[in-house]
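Please consult the sequence and the structure shown here while reading.

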Amino acid sequence: METIRNYNAPSPLFLGFASSFVIGILAMSGQVFAPDFAQQGLDLIDSFFIYVLLAQFTHLGWVHLGLNLAGLAIVTWGFSGQRSAAEWLWIQLVSLLWLACYLSWIEPVQWYCGLSGALHFQFTACLLIALYRSPSRLAQSWPLWVLAAGLAVKLTLEWHSGPTTDSLVGGPIAFEAHRGGALGGGLLGLAMIGCSLRWKSNRTS
């Protein structure tokens with residue numbers, strides 16, 4: 001079989017971050033080419049599910065986009081040592097689909113845009129996987145427990161908050177997307193841990 005000269009296989013680093021780059025590029029493209037889609041999308045699309053799915057790649061402005069891209073970079077890099085590239089791709093794909101389902105049928109909203117709900121999903125799923133795979137000694141795993149406590153406090157405060165408008169972001173904050181994302185991420189994280197335990201059990205039996 002003939003081989004391709006000067007071919008270099010994609011590195012694990014690239015494969016682990018490639019899906020995040022794609023999401024980031026789509027979000028920046030949405031801001032450049034369809035800055036008003038979040039407000040006008042329903043005039044063109046009959047399905048609220050499709051609307052939310054697409055609106056996740058649009059933002060209220062460049063500040064809103066920058067904050068979400070920073071969050072995406074932190075989640076992508078911060079948990080990279082605790083998951084495989086395939087697991088990260090799966091988490092990201094499910095996060096986008098789950099959020100569209102959640103905001104369409106479980107806790108409906110009238111309007112939404114941005115990646116914050118999907119980021120809450122990804123953060124929660126990765127955090128659970130990292131807690132499962134981290135050393136059992138508290139001296140080594142305590143930063144993860146601090147993150148878990150911080151997430152719980154944040155979601156609790158948001159649950160008891162009324163409608164909030166952020167002047168920095170330039171619009172209302174969709175707390176429904178945050179808690180829906182965290183719920184979905186928790187469910188997927190537990191499912192992935194369960195699959196890992198079953199796989200280990202089958203190998204040892």
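## Nonpolar surface patch

The model is predicted. On its surface, Phe21, Ile25, Met28, Val32, Phe33 and Trp62 form a nonpolar patch of about 710 Å². Helix H1, which covers residues 12-33, contributes the most to this patch, namely five residues.

One of the patch residues, Ile25, belongs to helix H1.

## Largest pocket

The largest pocket holds about 570 Å³ of space. It is lined by 25 residues, and those closest to its centre are Asn68, Ser116, His120, Lys154 and His178. Two or more lining residues come from each of helix H4 (62-78), helix H6 (116-133) and helix H7 (138-159).

Helix H4 gives the most to this lining, with six residues. Sorted by class, the lining of the largest pocket comprises 15 nonpolar, seven polar and three charged residues.

## Second largest pocket

In the second largest pocket there is about 230 Å³ of space. Its lining consists of 15 residues, and Pro163, Ile173, Ala174, Phe175 and Glu176 lie nearest its centre. The elements that supply two or more residues to this lining are H7 and helix H8 (175-204).

H8 provides the largest share, three residues. By class, nine residues in the lining of the second largest pocket are nonpolar, three are polar and three are charged.

Key
Residues are numbered from 1 along each chain as its sequence is written. This is a predicted model: local features need pLDDT of at least 70, side-chain atom pairs count only at pLDDT 80 or more; totals for chains, interfaces and linings use all residues. Side-chain values use heavy atoms; hydrogens and water are left out. Patches are made of residues with over 30% relative accessible area and no salt bridge: like charges are joined within 9 Å, nonpolar side chains (Val, Leu, Ile, Met, Phe, Trp, Tyr) within 5 Å. Accessible areas come from the Shrake-Rupley method with a 1.4 Å probe; for residues, only the protein chains shown count as cover. A salt bridge is a side-chain nitrogen of Lys or Arg within 4 Å of a carboxyl oxygen of Asp or Glu. Helices (H or I, at least four residues) and strands (E, at least two) are DSSP runs, numbered from the N terminus. On a 1 Å grid over the protein atoms alone, a cavity is a set of points where a 1.4 Å probe fits but cannot get out, and a pocket is an open set with protein on both sides within 12 Å along at least five of seven lines; lining residues have an atom within 4 Å of a point. Grid points are joined across faces, edges and corners, and a volume is the space filled by probe spheres set on the points. Ala, Val, Leu, Ile, Met, Phe, Trp, Tyr, Cys and Pro count as nonpolar, Asp, Glu, Lys and Arg as charged, and the others, Gly among them, as polar.
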